[in-house]
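Let's take a walk through this structure together, one piece at a time.

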Amino acid sequence: MSTAEATAVPPATPGGPAGQLARAPGAVPGWLRLFRSELRLVFRRLRNLALLAVLAALPVLLGIALRLAAPRGDGGGDAGSSFISQLAGNGVFLAFIAITLMIALVLPLAVAVVSGDSVAGEAGLGTLRYLLTVPAGRARLLAAKYAAIVVFGLSACCVVVAASLATGAALFPIGPVTLLSGNTVPLGQGLLRVLFVTLYVAAAMAALGAIGLAVSTFTEHPIGAIAAVLVLAVVSEIADNIPQFGAVHPYLPSHWWLFFDSLLRTPIATSDLLHGLLSFGVYVVIFCSIAWARFTSTDVTA
Amino acid sequence: MSTAGTGTDAGTGAEAAAPGAGAPEAGAGPDAGPRAGPAGPPGLPGPAITTSGLTKRFRGGQLAVDDLGLAVPRGSIYGFLGPNGSGKTTTIRMLLGLVYPTRGRVSLLGEPVPGAAARVLPRVGSLVEGPAFYPYLSGRANLARMDAADRTADPRTAAARIDAALDRVGLLSAAKKRYRAYSLGMKQRLAIATGLLRPRELIILDEPTNGLDPQGTREVRGLIREIATDGVTVLVSSHLLAEVEQICTHVGVMRTGRLVFQGTLDELRGQGSRRVVIRTTQPGEAAATLTALGLADIRSADGEVSAQLADQSPERICRELVLAGVGVAGLDTPRPNLEDLFVGLTGEGFDVDG
């Protein structure tokens, strides 16, 4: 389709020195082009699409299971999750239930796969040496990689929430949302809170993604990096549940993940949310710095 | 005070002069001015690649490259030779800023690497240690990915440039095929195509024919020749002597991390001494005659006697043999076998089939 303009341009190219191309007016900025290429790589990869499909399927299965269980569990003797009792009244709550369950393992898994693979995968394939001799620029490549990880994490959260809302709407009544604190807000405000929950969890996944990026710069074996990130996330979650480690709990990467439920109360416990966001931000800064320091100073022998 | 002052001045002056005097030998730096390399075409300033004192010691303590002083003239096809493990790939990785040198300097097209890598590498195309691409992407998508990584490339011409590069290596008809399904020769050619995505001044090819069948090897060799006709400098590494002998103007020979020879192919041939080979039915008498002529290193084999020619003329040897009554069935002074010279330089044979 672009053959007309494509064939029109080359005659000018051989004449001028290569350097002049850099300042061609109207060109897509170089950074954006690499970022777009990264996104394409992540989102066209069959494995990553399969991950997103699983993320979309789980809320559907969850919704069906809860729908089947709802009439029987009338007595409320069920493990007493206030989320689940809310669900019977409103399908929007399926989004919160799904996020709560999936943030424990499935969402971190998706982010671990993409972030652990980011640099180690290129090193393993050998494409890293080609990208760097192009030259992509080490810091620039790392920035594009991290941006793609953040976008993938956000997409994963959005997929979970969208699938939950669709399933919830199909299987349960939709209407004004009764919050965990007992008050009822209109549907519009309920959905707005869903959006904030999604963004908060995406920020949590961005922090985990930074850890994955850093781990990924230390190895040529993507599977090793992915496993390491996942183990780290799980260990953090376990440690967070051991009371004797109470002193370090606030510093664990997973500690603030579930604090999104502050958004489901009135008034919203903003200090918890801000603490969480601060923790995520600190993790992003520290681990992106580690990734940068490692990646820009290491020999690429893969 | 004054005497002491002049003394130190003289001392520092002498010290300062020493590296300056040594520089032309080690390969002049970017400031060397108009003095082009000996075989460089006129009008092009400076060599394409120079390194001085280039050394790489890996963390394990292994000394991969030791005090290397490469000088690749502009417009040359430089054969970078050495057995596997002699440090060629590590050197190439240092030239391209992938591996940081422990010591020494690299100058690529007059710019320091890795310092100015971002500025100079767009003018350099490369294939490093075999092709490596995303197996699940097509050949065209793989090139698009590499082009997207180049911040100085014009995205508006990307499609046309990618197709031109594919066409040049003969892969246009397989552009939509996944890289996974490519044959080894096609993979190798796709790697060369990444180097041709835009006009380059220097192409660095690390073992471009490794693992290829004779047909593929010939194709790649033809491609290298064609690239070089545009005045592009080509550095091609190989452990196979036969490959470079046919296409190179210059060679550098590595042995265990050190450069043991650098110069033109003729200079290399000149290093070996020519021999005279006589076919005869009287090897004993022939050997005696050659001894009488003062020739060294006389070897007798079945119906053949050979010796180092040194400064003797073949005509005189033939006459003396005939006068001595030796029946000469044939007399030859073959050019020295490059293979033998290499074995002498590197201390071990080049494996023939990779």
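Start in chain A, at P135(A), which sits in the loop between α7 (127–133) and α8 (138–171). The peptide bond joining V134(A) to P135(A) is cis, with omega at about 5°. Chain A has another cis bond to show you, from T266(A) to P267(A), and there omega is near 0°. You'll find P267(A) in the loop between α10 (222–240) and α11 (270–297) of chain A. Why point these out? Most residues other than glycine have a negative phi, and most peptide bonds are trans.

Before going further, keep in mind that this is a predicted model. It scores ipTM 0.83 and pTM 0.81. For chain B, the mean pLDDT is 82, and 85% of the residues reach 70 or more. The pLDDT stays under 50 over residues 1–43 of chain B, a stretch for which the model has 43 contacts beyond four places in sequence. Residues 349–354 of chain B are also below 50, with 10 contacts in the model beyond near neighbours in sequence.

Now for chain B as a whole. It holds 12 helices and 15 strands, and buried residues make up 44% of its 354 residues. Take the contacts in chain B between residues at least 6 apart in sequence: 68% of them join residues at least 24 apart.

Which strands make up the open sheet of six, and in what order? Reading across, they go β7-β8-β9-β4-β10-β11 in chain B, with mixed pairing. β7 (124–127) and β11 (258–264) of chain B stand at the edges with a single partner strand each, so one side of each has no neighbour in the sheet. From one strand to the next, the twist averages 15°.

Zoom in on β4 (residues 77–81) and β10 (residues 250–255) of chain B: they run parallel and are joined by four bridges. One residue to look for is G79(B), whose bridge partner in β10(B) is V251(B). Helix α12 (residues 338–346) of chain B packs on the sheet, touching β4, β10 and β11 of chain B, and its direction makes about 40° with that of β10(B). Helix α2 (residues 88–95) of chain B lies across β4, β8 (202–206), β9 (233–238) and β10 of chain B, running at about 150° to β8(B).

Helices meet each other here, too. The axes of α4 (residues 139–149) and α6 (residues 184–195) of chain B come within 10 Å and cross at roughly 35°, and the crossing of α4(B) past α6(B) is right-handed. On the α4(B) side, the contact is made by G139(B), N142(B), L143(B) and M146(B), while α6(B) brings L190(B), A193(B) and T194(B). Sorted by type, the residues of this contact between α4(B) and α6(B) are four nonpolar, three polar and no charged.

Finally, two backbone details in chain B. E129(B), in the loop between β7 and α4 of chain B, has a positive phi near 50° although it is a residue other than glycine. Is E129(B) buried or exposed? It is buried, because 20 other C-beta atoms lie within 10 Å. D67(B), in strand β2 (residues 63–68) of chain B, is not a glycine but has a positive phi of about 55°. With 16 other C-beta atoms within 10 Å, D67(B) is partly exposed.

Technical notes: Residues are numbered from 1 along each chain as its sequence is written. Chains are lettered from A and ligands numbered from 1 in the order in which they are written. This is a predicted model: local features need pLDDT of at least 70, side-chain atom pairs count only at pLDDT 80 or more; totals for chains, interfaces and linings use all residues. Two strands pair if DSSP finds at least two bridges between them. Axes are lines fitted to C-alpha atoms, for helices over the stretch in contact, and angles run from 0 to 180 degrees between N-to-C directions. Two residues are in contact if their C-beta atoms, placed from the backbone, lie within 7 Å. A crossing is left-handed if the near helix is turned anticlockwise from the far one by less than a right angle, and right-handed if clockwise. Ala, Val, Leu, Ile, Met, Phe, Trp, Tyr, Cys and Pro count as nonpolar, Asp, Glu, Lys and Arg as charged, and the others, Gly among them, as polar. A residue is buried if 20 or more other C-beta atoms lie within 10 Å of its own, exposed if 12 or fewer, and partly exposed in between; C-beta atoms are placed from the backbone. pLDDT is the predictor's confidence in each residue, from 0 to 100.
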